[in-house]
Amino acid sequence: MNYINMGNIKTYIKGKNRLSGSVRISGAKNAALPELAAALLSNDEFEFSGVPRVEDIKVMFKALKNIGAEGEFNNNFINIKVPEIKSSLVPKDIVETSRASILILGPLLARSGYAKVSLPGGCSIGDRHINFHLEGLRKMGAEITEKNEHITAKTSAPLQGIAYRFPQKTVTGTENLLMAAVLAQGTTVLENCALEPEIGDLVDLLLKMGADIEGKNSDTLEITGRSTLKGTRHRVIPDRIEMGTYVIAGSFAGNEIVVENAVPGYIESLLDILEKVGVNLEVDNDRIKVSSNGNLHPIDIETSPFPGFPTDLQAQLTTLLTQAEGVSRVKENIFNNRFQHALELNKLGADIKIAGDTSIISGKTNLTGTDIIATDLRASAALVLGGLIAEGETIVANSYQLLRGYENMPQKLQELGAEVKLLGVKND
Ligand code: EPU
């Protein structure tokens with residue numbers, strides 16, 4: 001796919017079609033991102049399968065190529081090998097659309113003793129601090145400076161194992177220190193680690209590479225550093241946020257869809273909420289059948305780290321709650337500015353008020369299509385869901401956001417019966 005101009009990408013939706021049929025979940029963007037960065041930890045070859053073809057992954061692959069990676073991204077496969085570090089720089093022009101570049105810092109520093117990573121701008125979902133990543137790496141012996149959106153880290157000696165307790169759970173922080181520790185000298189004990197399944201998948205990859213890690217899927221990881229690690233093959237786990245987004249899509253009145261390649265255990269918190277809201281769910285090993293008669297109840301919920309309800313599904317669930325009869329409250333505990341979808345949903349006719357860290361959604365409201373703007377990746381999915389249930393035509397501007405993290409969403413929705421297309425792209 002070619003983008004004529006990133007800023008001009010829009011999603012066109014003609015609402016009110018009933019969704020039915022099945023949809024297959026792609027590999028997890030937020031697992032593939034650290035796993036590609038982990039290829040820096042070895043000079044051998046890696047073969048990744050199940051890699052979602054989304055823009056954030058393309059950006060990561062390009063940044064790694066700039067460092068010296070060789071390889072191809074074909075369909076959902078990436079072959080990658082970093083025989084030598086040609087540049088320890090992750091420049092701003094490559095990574096300006098994704099803050100996942102921070103994931104390069106730990107492994108590149110561990111491999112080469114030097115890394116200069118650009119972390120462009122503030123993020124539209126609120127403050128995204130990285131102080132714990134830097135504190136941990138400093139304890140391991142790195143000298144780190146932050147200047148003009150660049151972080152420079154260097155060490156003259158190999159990184160040293162440390163004991164570190166994260167003051168707050170952080171997903172990429174856990175991943176970054178884990179990737180640094182597998183090549184450090186001695187043993188590292190990381191406490192209060194995040195528990196998201198993407199971290200377990202990264203641990204699986206690192207174990208296949210020959211790393212010594214105890215405590216997979218627990219909040220304490222004990223890592224004994226190795227001097228070298230080897231390449232391997234790895235299949236990326238399914239994307240739980242994409243899974244949750246389609247389960248929510250199936251929860252609107254009259255819809256009946258089957259979500260395939262699902263891992264219900266990854267989204268138990270969402271499934272519990274939907275059951276209370278009145279959605280019909282049939283959960284199998286790797287598929288979830290979801291349907292709804294539209295008789296939805298309001299609910300009060302809050303986001304929290306895994307296994308709690310994920311912030312990355314907060315916006316999409318909010319769209320559903322506009323269709324519940326009564327007042328729902330959604331408290332956002334992870335990011336401090338993640339309600340920008342609310343204003344846009346209100347343009348469609350929703351009644352959402354923001355009070356500090358909580359959105360108050362009064363339903364049920366009939367939505368009507370209009371022009372709205374996607375402010376971030378997950379907001380864009382929430383707005384597309386809004387367009388699907390709105391009367392008439394909705395245009396979601398800034399839909400590059402959607403392409404950052406959802407593989408083929410317009411096509412997948414079309415296959416379920418929706419009338420959705422991307423504007424501003426041409427197929428090659
Ligand atoms: N935090 C700090 N200091 C740190 C690190 C985090 O104060 O050093 C704070 C953050 O400011 C935030 C909270 O801790 O308030 C949690 O942030 P976390 O570090 O866990 O977020 P992240 O690692 O930057 C990942 C995902 C996000 C997802 C969050 C929360 C990736 C590449 N990104 O971000 O995914 O929202 O975890 O689950 O894994 C998305 O895919 O749309 C997305 C934004």
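How do the axes of helix α9 and helix α10 cross, and within what distance do they come? The views below start there, in a predicted model where local features need pLDDT of at least 70, side-chain atom pairs count only at pLDDT 80 or more, and totals for chains, interfaces and linings use all residues. Residues are numbered from 1 along each chain as its sequence is written, and side-chain values use heavy atoms, with hydrogens and water left out.

**View 1. Helix α9 beside helix α10.** The axes of α9 (residues 268-277) and α10 (residues 314-321) come within 12 Å and cross at roughly 5°. Helices here are DSSP runs (H or I, at least four residues), strands are E runs of at least two, and both are numbered from the N terminus. Axes are lines fitted to C-alpha atoms, for helices over the stretch in contact, and angles run from 0 to 180 degrees between N-to-C directions. That makes α9 and α10 roughly parallel to each other (angles under 35 degrees count as roughly parallel, over 145 as roughly antiparallel, 65 to 115 as roughly perpendicular and the rest as oblique). On the α9 side, look for L270, I273, L274 and V277; L317, L320 and L321 of α10 complete the contact (heavy atoms within 4.5 Å). By class, this contact has 7 nonpolar, no polar and no charged residues. For that tally, Ala, Val, Leu, Ile, Met, Phe, Trp, Tyr, Cys and Pro count as nonpolar, Asp, Glu, Lys and Arg as charged, and the others, Gly among them, as polar.

**View 2. Helix α1 against helix α7.** Here α1 (residues 29-38) and α7 (residues 197-208) have axes that come within 9 Å and cross at roughly 30°, so the two are roughly parallel to each other. N30, A31, P34, E35 and A38 of α1 touch E198, D201, L202, L205 and L206 of α7. Sorted by class, that gives 6 nonpolar, 1 polar and 3 charged residues.

**View 3. Helix α11 with helix α12.** α11 (residues 340-347) and α12 (residues 377-389) pack at about 15°, with their axes 10 Å apart, so they too are roughly parallel to each other. α11 passes α12 in a right-handed crossing. From α11 come H341, E344 and L345, which meet A379, A382, L383 and G386 of α12. The contact has 4 nonpolar, 2 polar and 1 charged residues.

**View 4. Around the ligand.** Of the 23 residues around the ligand, N131, F132, T172, D312 and I334 come nearest (a residue counts as near if one of its heavy atoms lies within 4 Å). A polar side-chain atom of T170 sits 2.7 Å from a ligand oxygen atom. For V171, a backbone N or O atom lies 2.8 Å from an oxygen atom of the ligand. R378 brings a polar side-chain atom to 2.8 Å from an oxygen atom of the ligand.

View 5. The peptide bond from F306 to P307 is cis, with omega near 10°, and P307 sits in the loop between β19 (300-302) and α10. Another cis bond runs from G363 to K364, with omega near 0°; K364 is in the loop between β22 (358-363) and β23 (371-373). N192 isn't a glycine, yet has a positive phi of about 60°. You'll find N192 in the loop between β12 (187-191) and α7.

How values were computed: Left-handed = near helix turned anticlockwise from the far one by under 90°. Polar contact = N/O pair within 3.5 Å; in protein donor to acceptor, adjacent residues only side chain to side chain.
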